[in-house]
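Good morning, colleagues. Please take a moment to look at the sequence and the model before we go through the fold and its charged pairs.

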Amino acid sequence: MKGDLLIYRAESQAWTYRYESMTLERAREFIAEVWADPIVVKFRPRAEPPEVTDGRRRRSAACDHDGRRIRLPRFARNEAVILHEITHALTPGAHHGPVF
């Protein structure tokens, strides 16, 4: 839990994100754009981006442990949260450890 808090604090201090909410379709497009970025291509575990679902009945966004699906409740559809979940997809099973 302490490691999680350190990750979240570091993210909030290191980057300036746009926190505007986006539709689920726009979130899918954004993830595909990031997944296709030449820098990300070097690190991604597979060619296809994660599947994106609406995350209904969830209290937070989440990426499956294998990195193949990201769940985004409506309140979590912004660049900051999506980039965090993409990082989980790029580092399957790493949680918030050093590889993450």
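Let me begin with a question: does Arg71 count as buried, partly exposed or exposed, and at what relative accessibility? Arg71 counts as partly exposed, at 21% relative accessibility. Here, buried means under 20% relative accessible area, exposed means over 50%, and partly exposed lies in between, with a 1.4 Å probe and protein chains only.

A word on the source. This is a predicted model, in which local features need pLDDT of at least 70 and side-chain atom pairs count only at pLDDT 80 or more, while totals for chains, interfaces and linings use all residues. Residues are numbered from 1 along each chain as its sequence is written, and side-chain values use heavy atoms, with hydrogens and water left out.

Now the fold. The protein chain has four helices and three strands, in the order α-α-α-β-β-β-α from the N terminus. Helices (H or I, at least four residues) and strands (E, at least two) are DSSP runs, numbered from the N terminus. Of the 100 residues in the chain, 40% are buried.

The three strands form an open, mixed sheet in the order β1-β3-β2. Its edge strands are β1 (51-53) and β2 (62-63), each of which pairs on one side only. Two strands pair if DSSP finds at least two bridges between them. β1 and β3 (residues 69-71) run parallel and are joined by three bridges, and Glu51 stands opposite Arg69 in β3.

I turn next to the charged pairs. A salt bridge is a side-chain nitrogen of Lys or Arg within 4 Å of a carboxyl oxygen of Asp or Glu. The whole structure contains eight of them.

To return to Arg71, this residue forms a salt bridge with Asp64, with the closest N and O atoms 2.8 Å apart. Asp64 is buried, at a relative accessible area of 19%.

Glu48 has two partners to discuss. With Arg46, the closest N and O atoms are 3.7 Å apart; with Arg68, they are 3.2 Å apart. Glu48 lies in the loop between α3 (38-41) and β1, and Arg68 in the loop between β2 and β3, so this pair ties together parts that are 20 residues apart in sequence. Arg46 is buried, at 11%, whereas Glu48 is partly exposed at 40% and Arg68 is partly exposed at 45%.
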